[in-house]
Amino acid sequence: MQKVLDGIERAGNKVPHPAIIFLALIFIVIVLSQILAWTGASVTTEVAEPQTVQVMPQEEAGSSVAGSDTPPAPAVPDYELHTEKITAESLLDGDGIRFIFTTAVQNFNDFGVVAVILVAMIGVGVAEEAGLIAALIRKMVKVAPKGAITFIIVLLGGISSVASDAGYLVLIPLGAAAFASLGRHPLAGIAAAYAGVSAAFFVNILITPADGIITEVTNETVALVAPDIQLNVTANFFFSIASTIFCAIVMTIITERLLEPRLGRYDAAEAPVDAPVDHQPTDEEMALESRGLRWSLYYLLVAVAIVSLLTFIPGAPLRNPDTGEIFGNSPFMSSLLFIISMLFLAAGLGYGRGSQSLTGATNVINAIVKTFNGLGGLIFLMLLIAQFIAYFNYTNMSTLAATGLADLLERADIGALPLLIGFILLVVIIDLIMPGVIPKWAILAPIFVPLFYRLGIAPQTVIAAYRVGDGPVNVITPLMVYLPFIVLVCQKYRKKAGIGTVVSMMLPYTIIVLITWTLFYVVWYAIGIPWGPSAPVHLG
């Protein structure tokens, strides 16, 4: 196993930056488009085109009233199937070169992911910069019952993925200290916190910025085969909440029944003599933190009250103006990510003012600017991803690949569920060398979303499968950016700890969480529980 991990680490160290990967992919798409155009690559498929018809009003008996003065009902699109031949388009001929040069700005402008990131991170960034998220983690660990401390730490890890730095940098050292204070092995606390933060990273009981980004990328790709489908950011909300709790229970059992017995009783002699001592907050710091949390609650309640007034009163502006519904097709659902960002902003402002960690409008603006500064690399990556998807769509390569693979899989008659399980395993393999949620999906979505749609599998079902495959390997891949930090925390309690120590602790989490979570997904799919509001398992 050590040789395998060393091999993964060596191979992973040779993997370039994601931006370089997408530049290479763009180059490959350009060259491949010309090769496919030369060979005359094409597919013949059925395409549904809307044929608008007028619907006449009906009498009670159900017959149309030909001479009625009543205006006709709104036009209803009726879809008509026809066969269409789709050929590969070159990016190196005249039209292709013009497309590259004239659409570079528009491709980025039309890529809604960047706007989603900026809006979502306003609130989360202020809350994190003010210290609210770290304070909440410390407070909840402090007041948690001793018998439930493992579950609380794991669950907090899952929730903290809304602001991942806080989970890694605050909860993992805190998990070790909490276990040590209870006479339990601190490395078990590190493992529990690390598993909670990372092994199920892409699920949460909250809507996160990553949800918005993945949804926008999916909508960009599903438009190739179904322009009328637009997923909402809550398309996996039910499954995400259930998975967060389910995985927390599984990880708690792994920690208490497998890992702690294996680690045995902790011997303080294992720690280095010069191990740093944790900072113990003074009474004044604790008082300010408690005051900040109270103010945060007050600000949050005011913000919730305002949103409620705008939503739940009959005729409120966030209801659907035609039907009055709140959930489903309504302004409330369309603005959910913005609402959540503003709730975080309100809570962060309250904590900052109460704890005096973030006071004055200038400091608040500086906190937002600091957050945006940290997004520079991600925004540049989004620029490249936008071009990659636009070029991929223009060349019709996604349609050619999806149609060809769909025909092959239909003839093989494998079935939807085995294909989804295979997709989960593919994501697991890729995650070993590319742990990031967004870059992986940007590569996989243009191929697999249209492919699975043509096989009758809904996009939200594919995203749910992606969530399952994305997490479990995060805790053992040597390419996890926080792995050196985890090792340093372990060395505080065991001077001989290294990457092998961390991986050997986390391997049971990877294997057991992957198996049980996949089975959980299979059962969910088989029962047919909606993944989220207006997001059924199967295509309608």
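I started with isoleucine 28, which I found in helix α2, residues 18-39. Helices here are DSSP runs of H or I with at least four residues, strands are runs of E with at least two, and both are numbered from the N terminus. Isoleucine 28 counts as partly exposed because its relative accessibility is 46%. For my own reference, buried means under 20% relative accessible area, exposed means over 50%, and partly exposed is in between, with a 1.4 Å probe and protein chains only.

A note on the source: this is a predicted model, where local features need pLDDT of at least 70, side-chain atom pairs count only at pLDDT 80 or more, and totals for chains, interfaces and linings use all residues. Residues are numbered from 1 along each chain as its sequence is written, and side-chain values use heavy atoms, with hydrogens and water left out.

Next I looked up the surface around α2. Phe27, Ile28, Val31, Leu32, Ile35 and Trp38 make a nonpolar surface patch of about 620 Å². Patch members have over 30% relative accessible area and no salt bridge; nonpolar side chains (Val, Leu, Ile, Met, Phe, Trp, Tyr) are joined within 5 Å, like charges within 9 Å. A salt bridge is a side-chain nitrogen of Lys or Arg within 4 Å of a carboxyl oxygen of Asp or Glu.

On to a helix pair. I saw α9 (residues 209-222) pack with α19 (residues 459-470) at an angle of about 135°, the axes being 11 Å apart. That angle makes α9 oblique to α19. The cut-offs are under 35 degrees for roughly parallel, over 145 for roughly antiparallel, 65 to 115 for roughly perpendicular, and oblique for the rest.

Asparagine 204 sits in the loop between α8 (186-198) and α9, and it counts as buried because its relative accessibility is 1%.

Lysine 496 was my next stop, in the loop between α20 (483-491) and α21 (499-527). Lysine 496 is exposed, at 74% relative accessible area. I also noted 8.6 Å between the C-alpha atoms of lysine 496 and alanine 271, which are 225 residues apart along the chain.

Last, I looked up positive phi values. Glutamine 356, a residue other than glycine, has phi near 65°; it lies in the loop between α13 (336-355) and α14 (361-373) and is exposed at 55%. Serine 534, in the segment after α21, has phi near 55° and is exposed at 65%.

Methods
Areas by Shrake-Rupley, 256 points an atom, 1.4 Å probe, with all protein chains shown as cover. Axes fitted to C-alpha atoms, helices over the stretch in contact; angles between N-to-C directions.
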